[in-house]
Amino acid sequence: CPYFIGDTLLASTLLQNIIRQVSPETAIYVVAEKPHLNLLATLPGITACIPMPHRDRQRIKLLRELHCEALFILRHSLPWGLSGTRAGVPYRIGFNLERYGLHKADNWGGLLTHASPSGTFDSQRHQIEFYREMCLQSGLHWQEAITPQITLTAQDLRKAQALLKSAHRPRFIIHLTAGSPGKGWPMRHWIKLLQSLNQEYRPQFIALGRQDDAGYYDALSALSDVPILNLCGQTALRESAAVCRLSDLVITLDTALAHIAAAVDVPRLVVIYGPTNPKQWKPVVSSETRLAQVYVNVPCRPCITRTCYHRSCLTYLMPLRVLHHIHQLYPLSEIPVA
């Protein structure tokens, strides 16, 4: 699976296409980072989910023990290509290195048997289209109706309901952390946005994330003088998805939670973009979700820089612009009467 949770969720479209076309006797193994496994474990058709091995010897041993006939490498990982070659896997499928400008090493120097287009960072195509091409190049058909999927269990929903037992409506999830530091919207903007939303909607603000993220929301609550139900560290990924399903609005950076919320049909979703490409990484929403992608067009975006000295794409994205989109998705007239 890819490095990041949101990418893994988008890649689940390829996984579902494979599962629906192979014979029932075919074993499908998913190898991913441990947090990702919770998101994938309940998808029907997977034989087993395996934590990501990080040493060459471990990868080779795993591939040989599973008698692996085809290996889909959904990350730019030369070590996985090397391990697949050494383990004697007949079909090794991955993305070429176009995204990094290395057109002469498209098949990773022979480590891949099938190299699919990866696109450039400013591509006008959605990321799922690249999974579609990989699927077709592998000799399989592609079903357009398949979308990113999270299969929630009854236990996931019960946990979410228990966590939200005291949370009044409307429920607004805010998510201000991301895997890349280059995506972070300034804290002063979050403070202004929360104060405005609190004055107009009087919502229950909810924070989701890792335990390490809890301090950001404690600080935001203190600086804005707005209460936040801080659930950081209290939910696994599917439980976070269940909390999204039971909420009225999700406001998030371009990160995993945007794709998770879209997959469970949250009623309203606002995604704040900095340097990343909103066309390539647009959440896949159904007719059940109203979506707003909010960004400012500055000459240097999109880019793939994790750190930036001026951060114009985020600094110049004012809270008023985000608030305007929220008003369009959630008119004040729709606020439930207590």
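Biologist: Is Cys 1 buried or exposed?

Modeller: This is a predicted model, where local features need pLDDT of at least 70, side-chain atom pairs count only at pLDDT 80 or more, and totals for chains, interfaces and linings use all residues. Residues are numbered from 1 along each chain as its sequence is written, and side-chain values use heavy atoms, without hydrogens and water. Buried means under 20% relative accessible area, exposed over 50%, and partly exposed in between, with a 1.4 Å probe and protein chains only. Cys 1 has a relative accessible area of 19%, so Cys 1 is buried.

Biologist: Which cysteine sulfur is nearest to that of Cys 300?

Modeller: Cys 300 is in no disulfide, and with 41% relative accessibility Cys 300 counts as partly exposed. The nearest cysteine sulfur lies 6.1 Å away and belongs to Cys 308.

Biologist: How many disulfides does a search of the whole structure find?

Modeller: Cys 1 is too far from Cys 49 for a bond, and Cys 300 is in no disulfide. For the whole structure, the number found is zero.

Biologist: What share of the residues of the protein counts as buried?

Modeller: The protein has 338 residues, and Cys 1 is buried. Over the protein, the buried share is 52%.

Key: A disulfide is a pair of cysteine sulfur atoms within 2.5 Å.
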